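Subject: Handover of a structure and its findings

Dear colleague,

I am passing the following structure to you for your files.

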Amino acid sequence: MKEAKKGKCEKCNNYFYVHEHHILPKGVFDKKGATVKLCPNCHSLS
Ligand SMILES: [Zn+2]
């Protein structure tokens with residue numbers, strides 16, 4: 001089970017235990033910007 005970090009969801013702006021969600025293939029961007037932090041609710045919707 002992956003460790004979840006507490007932070008602000010970038011989609012709904014709720015403060016939550018967020019998961020880093022890869023939005024683009026690795027190599028398209030630098031390491032920063034290739035993921036967004038999403039709460040479990042938004043993560044399951046995307
Ligand atoms: Zn959310």
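Predicted model: local features only at pLDDT ≥ 70, side-chain atom pairs only at ≥ 80, totals over all residues.

Residues are numbered from 1 along each chain as its sequence is written. The term pLDDT is the predictor's confidence in each residue, from 0 to 100. The chain has an average pLDDT of 73, and 67% of its residues score at least 70. Confidence is lowest in β2, with a mean of 76, and highest in helix α1 (residues 40-45), with 83.

Overall arrangement

The secondary structure consists of 1 helix and 3 strands. Helices (H or I, at least four residues) and strands (E, at least two) are DSSP runs, numbered from the N terminus. Along the sequence, the pattern reads β-β-β-α.

The strands form an open sheet of 3 strands in the order β1-β2-β3, with antiparallel pairing. Because β1 and β3 stand at the edges with a single partner strand each, one side of each is left without a neighbour in the sheet. On average, neighbouring strands of this sheet are turned by 55° against each other, direction ignored. For such angles, axes are lines fitted to C-alpha atoms, for helices over the stretch in contact, and angles run from 0 to 180 degrees between N-to-C directions.

Strand pairing

Two strands are said to pair if DSSP finds at least two bridges between them. Strand β1 (residues 5-8) and strand β2 (residues 15-22) run antiparallel and are joined by 4 bridges. Here Lys6 stands opposite Tyr17 in β2, and Lys8 has Tyr15 as its bridge partner in that strand.

Strand β2 also pairs with strand β3 (residues 35-38), again in the antiparallel sense, over 4 bridges. On this side, His19 stands opposite Leu38 in β3, while His22 faces Thr35 in β3.

The loop between β1 and β2

The hairpin of β1 and β2 has 6 residues between the strands. Asn13 is found in this loop, and its phi is near 65°, a positive value in a residue other than glycine. Most residues other than glycine have a negative phi. Is Asn13 buried or exposed? Asn13 counts as exposed because it has 9 C-beta neighbours inside 10 Å. The classes are set as follows: a residue is buried if 20 or more other C-beta atoms lie within 10 Å of its own, exposed if 12 or fewer, and partly exposed in between, with C-beta atoms placed from the backbone.

Cys9 also lies in the loop between β1 and β2, but Cys9 counts as buried, because it has 20 C-beta neighbours inside 10 Å. Two residues are in contact if their C-beta atoms, placed from the backbone, lie within 7 Å. Leaving aside neighbours within four places in sequence, the contacts of Cys9 include Lys37, Cys39 and Cys42.

The core

Of the 46 residues of the chain, 15% count as buried. The largest nonpolar core has 5 residues in all: Cys9, Phe16, Val18, Leu38 and Cys39. A nonpolar core is a set of buried Ala, Val, Leu, Ile, Met, Phe, Trp, Tyr and Cys residues joined through C-beta atoms within 7 Å. With neighbours within four places in sequence left aside, Cys39 is in contact with Cys9, Cys12, Asn14, Phe16 and Val18.

The helix

Which residues does His43 touch, not counting those up to four places away in sequence? His43, which lies in helix α1, touches His19, His21 and Leu38 on that count. His43 and His21 are 22 residues apart in sequence, and their C-alpha atoms are 7.4 Å apart in space. His43 counts as partly exposed because it has 18 C-beta neighbours inside 10 Å.

For the chain, among contacts between residues at least 6 apart in sequence, 35% join residues at least 24 apart.

Yours sincerely
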